[in-house]
Amino acid sequence: MSTQTAPSPTDAPEGEAQILRLGLPKGSLQESTFDLLDKAGYSFSVRSRSYFPSIDDDELTAMLVRAQEMGKYVADGVFDAGITGLDWIAETGADVHVVADLVYSKASMRPVRWVLAVPEDSEIQSVQDLEGKRIATEVVGLTERWLAEHGVTADVEFSWGATEVKAPDLVDAIVEVTETGNSLRANKLRIVDVLLSSNTQLVANHAAWEDPWKREKIENLALLLEGAIRAEGKVGLKLNVRRDDLGRVVETLPALRNPTISPLFSDEWVAVETIIEERQVRRLIPELKRLGAEGIIEYPLNKMIP
């Protein structure tokens, strides 16, 4: 598939609305990216066989492409901005402006790792033991550079998929991406070393980043996405408490910052509001009730903007 460099992102002709062209990852990151965008306030939807999501923002157009290809399309100006992994930017060497680190992945809100893995009974214990060996991976460039940094020469071949099953019958080792390591263990592989820890990034075309309107639009997107990530796993908590019990209640709250305390109509009572980890709720609410709190309300959070 050939690509054409899009026109320079200058101001739109008079009377025409400006549009930001956004690339979104197709594949394993798609569902988690759409969920994050929804929490950030952007409603994207796409049919199962379509590559062009609809969006409730007339100033945005979007297209789904593989994360592996996103960097080059953003660098070439096909997209003004895109969401992809640090690993694929490193693999392709795409010349893009990194706007924000978005620490989420297909299954969790944490980075992924590209690791060197070998069969459990392999004699390979370190990178030096790879000399003259055969390695299968999807990140050939990343792997070759890593080997060169350690002064090791090995045969690195591109893997089209199912990389975990190729060792030891087809190759001596693999370099594969993992979040938990469960898939590697299930295939009786052990991790020898970590080549790269990678997270999702919002990247921009350099020309688009220099365009004031597009830069502001991209910065707004980054701010809301980061706010949605910060809110992940947290909830808001409201409660009423007598002033005499306030000290004990505040000491109990594991607040991110000092809780907000507001007077109520009755001078004897105050309202307390704070943000906590959702996993703490089942322990905290009964304890607060025993300390005299009333009218306890738990509510979800979509975004936290510092």
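The legends below describe close-up views of a predicted model.

**View A. Lys166 is a buried charged residue in a loop.** Although Lys166 is buried, it forms no salt bridge, and Glu157, the nearest side chain of opposite charge, is 5.5 Å away; a salt bridge would need the two charged groups to be within 4 Å. Apart from neighbours within four places in sequence, the residues in contact with Lys166 are Ala136, Ser159, Trp160, Gly161 and Val171.

**View B. Strand 5 (residues 81-85) is covered on both faces.** Five of the five residues in strand 5 are buried, with Ala81, Ile83 and Gly85 on one side and Gly82 and Thr84 on the other. Strand 5 pairs with strand 1 (residues 20-26) in the parallel sense over two bridges, and here Gly23 stands opposite Gly82. Strand 5 also runs antiparallel to strand 12 (residues 200-204), to which five bridges join it, and in this pairing Thr84 stands opposite Gln201.

**View C. Four strands form an open antiparallel sheet in the order 14-15-13-16.** Strand 14 (260-263) and strand 16 (294-300) each have a single partner strand and stand at the edges, so one side of each is left without a neighbour in the sheet. From one strand to the next, the twist averages 15°. Strand 13 (residues 234-242) is joined to strand 16 by five bridges, and Val235 has Pro300 in strand 16 as its bridge partner.

How values were computed
Residues numbered from 1 in each chain as written. Predicted model: local features only at pLDDT ≥ 70, side-chain atom pairs only at ≥ 80, totals over all residues. Heavy atoms only, no water. Buried < 20%, exposed > 50% of the residue type's maximum accessible area, 1.4 Å probe, protein only. Lys, Arg positive; Asp, Glu negative; His and termini not counted. Contact = heavy atoms within 4.5 Å. Pairing = 2+ DSSP bridges. Axes fitted to C-alpha atoms, helices over the stretch in contact; angles between N-to-C directions.
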